[in-house]
Amino acid sequence: MRNGLRVLALTAVVLLVATACRAQVKTAVGVEGRTITLGVISPLTGAAAVIGKPLTRGNEVYFQYVNDVLGGVGQKLPKEERYKIALATTDSQYRPDVQVQQYNAIKGKVLMLAQSLGTAHTNAILPQINEDKILTVAATLSSDWPKQKYVVATGGPYPGQFINAAQYLKDKGVSPKVGIIYQDDDYGLDGVKGLEYAAKEFGFQILARATYKATDTAYAAPVTAMRAAGVDHVFLASTPAATGGILGTAATLTYAPQWIGLSPAWAGSLAGTADKPSPILPYITQRLWIITDAQCAWGDTKAGCEGMKELIDNHKKFGGDQPPDYYFTFGYTQARVVHQILEKAVEQGDLTREGVVKAFESLKNVNMGGLLNEISYGPTCKEKVPATASTIWRIDIKEPIALATVATLDSPAAKKFPYCP
């Protein structure tokens, strides 16, 4: 009888401990039972869908891996107590006004935003983000994000990309005649900031500047302005549709400078496929570089690129409908950052909006497995500046994402850029 009472007492203690452990995780908006709902606002239609679709697919595949392979968020919890991830995905059409509409449509249902694509578009919802205190992962590399309490930056900022490209030219002994064509919005202006800073650091002049609007479809004017100024290195702060139009126009006009594009300037569709190559493929193969956050090439699993094996495995398991793509990698990696923020929040016992902000600010040394620069966060701007190294790519249709590595570097000037006040 005593043994029976002892067993009952021990069972009661175990149940009390289990109940206490479960009660330790505080929840509120965006968490129902064992499901965490995250928001995604991305261009799934329109000209920027070539970015938004694969990037969002990267989010989806990573979170399916969390749900199906890892058993959910909360790796220190018993499996039945872990939290599954659900996505509330909306289409911004790459329009700031629609971004605001979609934010308002989902903000009452989500714990945080796992993706907000576009610099001007994220800026359009920034006042509400701050008012609602909702942590937001920016699918944009604006240099302003480290200053923002509720915005998560995940890659080397745009100015650093141009600065690193200029450093590479200097290292090669090139004295460039520089011009810039940029989208007439916050994204384009961030590219201008970086190029102006590089010009001062490395002692060259910007001979010509030209803008285009996101809705433009003709690009003869900016291309002609570059040629008239004698520019032989044109920096591009563009999106893929504009990049294709600009380079197609330049090829037609037999204007052949070195083009150097920020990461959003590229999409694999600009190269076409092996069966159906793009009409501008010969031109861009010879004349275009793309600058991204420092990262491993698709399929490269050497030491330092261990995360690529996980990505490839999960792409095969869950993302077979998505061809290899630079933006898929970026979206997958951003989701990996979100996962680590949520794991930290569960560990700290607070899955509320306030709790995930605290988790974000206490997250140090985020290991990206070589998919992007390793990242560290904190409560201050300087602690939230992502690593500034960049990879320069040339176009090579034989590569899975049509990009082949030229160089990876981290200019001292990129580190010195004034990201924080």
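**Disulfides, aromatic pairs and an open sheet**

Cys 296 and Cys 305 are both buried, where buried means under 20% relative accessible area, exposed over 50% and partly exposed in between, with a 1.4 Å probe and protein chains only. The model is predicted, so local features need pLDDT of at least 70 and side-chain atom pairs count only at pLDDT 80 or more, while totals for chains, interfaces and linings use all residues. Residues are numbered from 1 along each chain as its sequence is written, and side-chain values use heavy atoms, with hydrogens and water left out.

Cys 296 and Cys 305 form a disulfide, defined as a pair of cysteine sulfur atoms within 2.5 Å. Their sulfur atoms lie 2.0 Å apart. The torsion about this S-S bond is about -85°, so the disulfide is left-handed. By the distance rule, the count comes to two disulfides.

The other bond joins Cys 381 and Cys 420, again with sulfur atoms 2.0 Å apart. Its S-S torsion is about -90°, and the disulfide of Cys 381 and Cys 420 is therefore left-handed. This pair links distant parts of the chain, 39 residues apart. Cys 381 sits in helix H13 (residues 381-384), and Cys 420 in the segment after helix H14 (412-416). Helices (H or I, at least four residues) and strands (E, at least two) are DSSP runs, numbered from the N terminus. Cys 381 is buried, with a relative accessible area of 15%. Cys 420 also counts as buried, at 16% relative accessibility. With the bonded cysteines of the protein chain numbered in sequence order, the pairing is 1-2, 3-4.

The structure holds 14 aromatic pairs. Rings of Phe, Tyr and Trp (its six-membered ring) pair if their centres lie within 6.5 Å; planes under 30 degrees apart count as stacked, over 60 as edge-to-face and the rest as tilted. Among the pairs is that of Tyr 62 and Tyr 332, which is edge-to-face, at 5.0 Å centre to centre and 90° between the planes. Tyr 62 lies in helix H2 (residues 49-68) and Tyr 332 in helix H11 (residues 326-347). The pair thus links distant parts of the chain, 270 residues apart. Tyr 62 counts as buried at 4% relative accessibility. Tyr 332 is buried, with a relative accessible area of 0%. Tyr 255 and Trp 259 form an edge-to-face pair, with ring centres 6.1 Å apart and planes at 80°. Both Tyr 255 and Trp 259 are buried. One aromatic cluster is formed by Tyr 62, Phe 63, Tyr 65, Trp 298, Phe 328 and Tyr 332.

An open sheet of seven strands has mixed pairing and the order E9-E8-E10-E11-E12-E14-E15. Two strands pair if DSSP finds at least two bridges between them. The edge strands are E9 (206-212) and E15 (403-409), each pairing on one side only. Neighbouring strands of the sheet are turned by 25° against each other on average, direction ignored. Axes are lines fitted to C-alpha atoms, for helices over the stretch in contact, and angles run from 0 to 180 degrees between N-to-C directions.

Strand E8 (residues 178-183) pairs with E9 in the parallel sense over six bridges. The bridge partner of Tyr 182 is Thr 211 in E9. Helix H6 (residues 186-202) lies across E8, E9 and strand E10 (233-237), running at about 160° to E8. Helix H7 (residues 220-228) packs on the sheet and touches E8, E9 and E10, contact meaning heavy atoms within 4.5 Å. The direction of helix H7 makes about 175° with that of E9.
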